[in-house]
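This briefing covers a sheet and some ring contacts in one protein model. Please keep the sequence and the 3D view open while reading.

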Amino acid sequence: AALAGPWPGAVSRAGAGAPDTLAVLDGRVVRRVDVVTHTIFDPLPAHGRGFYVLANRLHVRTRPSTVRGALVFREGGSWSEARRAESERHLRSLEFLVPDTVSAVAAGADSVDVRVVTHDNWTTSPEFGIESGGGQRYGSFSFIERDFLGLGTSLAVGYRSDVAGISRVASIEDSELFGSHWFGRVAASRGSSGRDESGQLLLPFWADDAPLALGGDWQRASFGEDLYSGGRLAAHVAGRHEHAGVLWGAGRLAHGTIERFVASFELDDRSLGATVLDAGAPPAFARAADDLRVRRLAGELRFWRPRYIVRHGVELMDHAEDIDVGGAVTLKGGFAPKLFGSTADEGYARARLDLGHDAGRMGFGQLRAGAQSRFRTAPREVKGDVTARWVQQPRERWTGVAAVTGAAGREVPADYQLTLGGLTGLRAFPVHDLTGTEVWRANAELRWIGVHDWLRLVSIGAAGFWDAGRAWGPGCEARGWHQDVGFGLRLSLPHSALNAVARFDVAWPIGPAQDGLRGPAYSFGSGQAF
């Protein structure tokens, strides 16, 4: 894999020349797997040792069994360089640890011994998002423990305040239930705008060549959805949604292509009340009550040819990022017969395309596009989206990112509305400044990392950016493109499982012209803006 900016501690050390890269080891039997887990600061820095010792003592070290569960090889199974690389990607995706080495050495004529070494990250962390501008302020805060008792179990509680009111959420999830490959999650939220409970139990395709997937999920929610026009609250829709589904899947890896088929049965009940309009609301917002029942049998085909590259400084500031520049096609079709209790006989179709390209020193690009629709005698709820990104890293610690995103809906339910503004990538404008049933957004940002892992506590960087967006359809009063420019501060905690960039931005609108209410807007949040 190509590397950009090989900063200390940010990338797995199992690279060229490691024992496991020798082709002669491929196909040998794994005789033994030794797992060594290090705590956060090991070895201890020379300065301020007391602080780092305290942090280590407060932290519960990840258990070797948790690391073993993320590996795609087992004792008695077959070893290969592909399985080593896939295991490293799985370990990095856990976020609460960093893989130092995954390496194998010959043990006799036909077997290998594997050694896996990891370093923990700090696993208890806050995540936040606050935006202010145009006289509006919204915020959210969550507190997450990602590696409870070293078992890889994630516990989270969250709080959100916005114009719809206050909501609270709690969840627990585990991707290795009882040491297996099963994934489980339960979540619940309560708030002034409604309530939501959901659960999932799933055996996913846990490896590229995993032959089986199965499981089920359910959700029950009541909600109130606000609709905006010209940045002002214009209507409200109350609703209820209930969902349950089961699935079974079969897959294989053949000549570098992952082929998967998933069969499912889904039950969806959706009830939307009549739209309550405020004064001056667009007439198109006026909708009668609507009830829908769907009992759908469906099948999905996915053909995926992954090609991973490793980069630094794209979405994160400290850790290696696995980026798939391969290609995938996903096709899903289904039928919901009235005989099963559906509102009417209707079909369903969905398609997704994922493409990537690595141009070496010129950077890499990704394209994601999808569309879906229900249909009876005519299409209903037609939705589509497309995202194109290009990333260029001209020098170490410098990253340029350009992206274009679009989404649209036709014959959609009353609560469907797309939004641009604030934390949705148009940073100089209020949160609901642009709304409609079709939106386009363009962003460009130059990101720079100035100080990496200072005092083994923080990385510091900066960014300059340009945003543009436009909307069409009911709720959109503004014509033309809205644009802004700005700059911001970037902070990251290299040894935290938060694994995200804290972003502090100030932006000025450059179109439409400033009118007294369009002064600089300040925002900060956890994660990149696009």
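This is a predicted model: local features need pLDDT of at least 70, side-chain atom pairs count only at pLDDT 80 or more; totals for chains, interfaces and linings use all residues.

- Three strands form an open sheet in the order β1-β3-β2, and their pairing is mixed.
- β1 (29-38) and β2 (97-106) are at the edges with a single partner strand each, so one side of each has no neighbour in the sheet.
- From one strand to the next, the twist averages 15°.
- β1 and β3 (residues 111-120) run parallel and are joined by nine bridges.
- Helix α3 (residues 81-93) packs on the sheet, where it touches β2 and β3, and its direction makes about 160° with that of β2.

**Aromatic pairs**
- The whole structure holds seven aromatic pairs.
- W398 and W448 form a tilted pair, because their ring centres are 5.9 Å apart and their planes are at 35°.
- W398 belongs to strand β21 (residues 398-410) and W448 to strand β24 (residues 438-454), so this pair ties together parts 50 residues apart in sequence.
- W398 is partly exposed, at 30% relative accessibility, and W448 is partly exposed at 37%.
- F504 and F524 make a stacked pair, with 5.4 Å from centre to centre and 20° between the planes.
- F504 lies in strand β27 (residues 502-511) and F524 in strand β28 (residues 521-526), so the pair ties together parts 20 residues apart in sequence.
- F41, F51 and Y52 are linked into a cluster by ring pairs.

**Charges over rings**
- R296 lies over the face of Y348, 4.1 Å from the ring centre.
- R427 has its charged end over the ring of F465, 3.6 Å from the centre.

Methods:
Residues are numbered from 1 along each chain as its sequence is written. Side-chain values use heavy atoms; hydrogens and water are left out. Two strands pair if DSSP finds at least two bridges between them. Helices (H or I, at least four residues) and strands (E, at least two) are DSSP runs, numbered from the N terminus. Axes are lines fitted to C-alpha atoms, for helices over the stretch in contact, and angles run from 0 to 180 degrees between N-to-C directions. Contact means heavy atoms within 4.5 Å. Rings of Phe, Tyr and Trp (its six-membered ring) pair if their centres lie within 6.5 Å; planes under 30 degrees apart count as stacked, over 60 as edge-to-face and the rest as tilted. Buried means under 20% relative accessible area, exposed over 50%, partly exposed in between (1.4 Å probe, protein chains only). A charge sits over a ring if NZ of Lys or CZ of Arg is within 6 Å of the ring centre and within 35 degrees of the ring normal.
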